[in-house]
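Good morning. I will go through one structure today, and I will keep to what can be read from it. Please have the sequence and the model open.

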Amino acid sequence: MTIIKVPAVLRTQTNGQSSVEVSARTVGEALRTLVDIYPGLRGQVVDGEGELHRFVNVYVNDDDVRYLAKLGTEIADGDTITILPAVAGGDGPVVRAG
Amino acid sequence: MIVLPAGLYSEMMAHCLRGLPEEACGLLGGHGDVAEVFYPAGNEARSARLYTVEPKAHLLADRDAEERGMAVVGVVHSHTHTEAYPSPIDVDQAVDPSWHYLIASFCRVMPSLRSYRIVGGAAEEEELRIVATMGGTGGLHG
């Protein structure tokens, strides 16, 4: 089994569960299983094109899957998949806070 | 409101200063409105106008915070050319409505730091309370 760790911001879609166990051979298969269990996650981890959503980062154990085979990255029993939001921003035209 | 121990404030501002002329960034670990650890991160965008928290640093920060019984509660980044107000990019890309979004500005001689909540596409400034502390916080240094 593989454990998928769900970030706090997505736990409203997983009934508050921070980790979910799935049986899968690849990261893509694991994430599809996760979405099957919690349909509210649809479109939030994998986009409409079936690619990893650009606003999340996914790791197998310590490795970012972008530098492996992305959704095709193979996983073994006991691996941990971690999903985290991609944190980005920057300055530019200023918006005054309300 | 975000409560920031003085040691964290120093670490955070020093990290941002070291990052100049590019934007710098890092994450805050803690409990709710109280920050207890600063996790400096590399800026993967390597830009004076944009930042992306280096994903591996985020993973390590998240893991460390969890091991300490805490959580990542916010992110700090610097603005090198503008005041410490959220840009449209900051607002659009805010990842978690429960987080505190701190912005350090270095566009004037004296740096400034402000904190915001960003919920539903709207940013609202919050009180930033710096409290006395002893020494640093022992966060990961990347």
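This is a predicted model: local features need pLDDT of at least 70, side-chain atom pairs count only at pLDDT 80 or more; totals for chains, interfaces and linings use all residues.

Is Arg46(B) buried or exposed? Arg46(B) is exposed, as its relative accessible area is 61%. The cut-off for that word is over 50%.

Arg46(B) has a partner. Its partner in a salt bridge is Glu22(B), and the closest N and O atoms of the two are 3.8 Å apart. Glu22(B) sits in the loop between α1 and β2 of chain B, while Arg46(B) sits in the loop between β3 and β4 of chain B, so the pair ties together parts that are 24 residues apart in sequence. Glu22(B) is partly exposed, with a relative accessible area of 24%.

Arg117(B) and Asp33(B) meet through their side chains in a salt bridge, at 3.6 Å from N to O. Arg117(B) belongs to strand β7 of chain B and Asp33(B) to the loop between β2 and β3 of chain B, so this pair ties together parts that are 84 residues apart in sequence. Both residues are partly exposed: Arg117(B) has a relative accessible area of 23%, and Asp33(B) has one of 35%.

Next comes a pair between two strands. The side chains of Glu125(B) and Arg114(B) form a salt bridge, 3.0 Å from N to O. Glu125(B) is in strand β8 of chain B and Arg114(B) is in strand β7 of chain B, so here the parts tied together are 11 residues apart in sequence. Glu125(B) counts as partly exposed at 37% relative accessibility, and Arg114(B) also counts as partly exposed, at 28%.

How many salt bridges does the structure hold over all chains? There are 12. Three salt bridges are counted between chain B and chain A, which brings me to the interface.

One salt bridge joins Lys5(A) to Glu66(B), with the closest N and O atoms 3.1 Å apart. There is also a network of salt bridges that links Asp64(A), Arg66(A) and Glu44(B). Besides these, 12 residue pairs are in polar contact across the interface of chain B and chain A.

Which parts of chain B supply the side that touches chain A? At least two residues each come from β4 (51-52), α2 (55-67), β5, α3 (88-92) and β8 (122-126) of chain B. Helix α2(B) gives the most to that side, with seven residues. Sorted by class, the side of chain B that touches chain A has 16 nonpolar, nine polar and 11 charged residues. In total, the contact takes 36 residues from chain B and 27 residues from chain A. The two chains bury about 2500 Å² between them, and 55% of it is on carbon and sulfur atoms.

Now to chain A on its own. Chain A has one helix and six strands. Read from the N terminus, the order of its elements is β-β-α-β-β-β-β. Its C-alpha atoms fill a box of roughly 50 × 30 × 25 Å, taken along the principal axes. Chain A has 98 residues, and 45% of them count as buried. If we take contacts in chain A between residues at least 6 apart in sequence, 51% join residues at least 24 apart.

Back in chain B, please find helix α1, residues 6-19. This helix has 14 residues and reaches 20 Å from its first C-alpha to its last, close to the 20 Å expected at 1.5 Å a residue. Which residues of α1(B) are buried? They are Gly7(B), Leu8(B), Glu11(B), Met12(B), Met13(B), His15(B) and Cys16(B). These buried residues pack against strands of chain B, namely β1 (2-5), β2 (25-31), β3 (34-41), β5 (71-79), β6 (100-105) and β7 (112-119).

One last residue. Where is Thr82(B) found? Thr82(B) is in the loop between β5 and α3 of chain B.

Key
Residues are numbered from 1 along each chain as its sequence is written. Chains are lettered from A and ligands numbered from 1 in the order in which they are written. Side-chain values use heavy atoms; hydrogens and water are left out. Helices (H or I, at least four residues) and strands (E, at least two) are DSSP runs, numbered from the N terminus. The expected span of a helix is 1.5 Å times one less than its number of residues. Buried means under 20% relative accessible area, exposed over 50%, partly exposed in between (1.4 Å probe, protein chains only). Contact means heavy atoms within 4.5 Å. Buried area is the accessible area (1.4 Å probe) that two parts lose on being put together, summed over both. A salt bridge is a side-chain nitrogen of Lys or Arg within 4 Å of a carboxyl oxygen of Asp or Glu. A polar contact is a pair of N or O atoms within 3.5 Å; within protein, one must be able to donate a hydrogen and the other to accept it, and residues adjacent in sequence count only if both atoms are side-chain atoms. Ala, Val, Leu, Ile, Met, Phe, Trp, Tyr, Cys and Pro count as nonpolar, Asp, Glu, Lys and Arg as charged, and the others, Gly among them, as polar.
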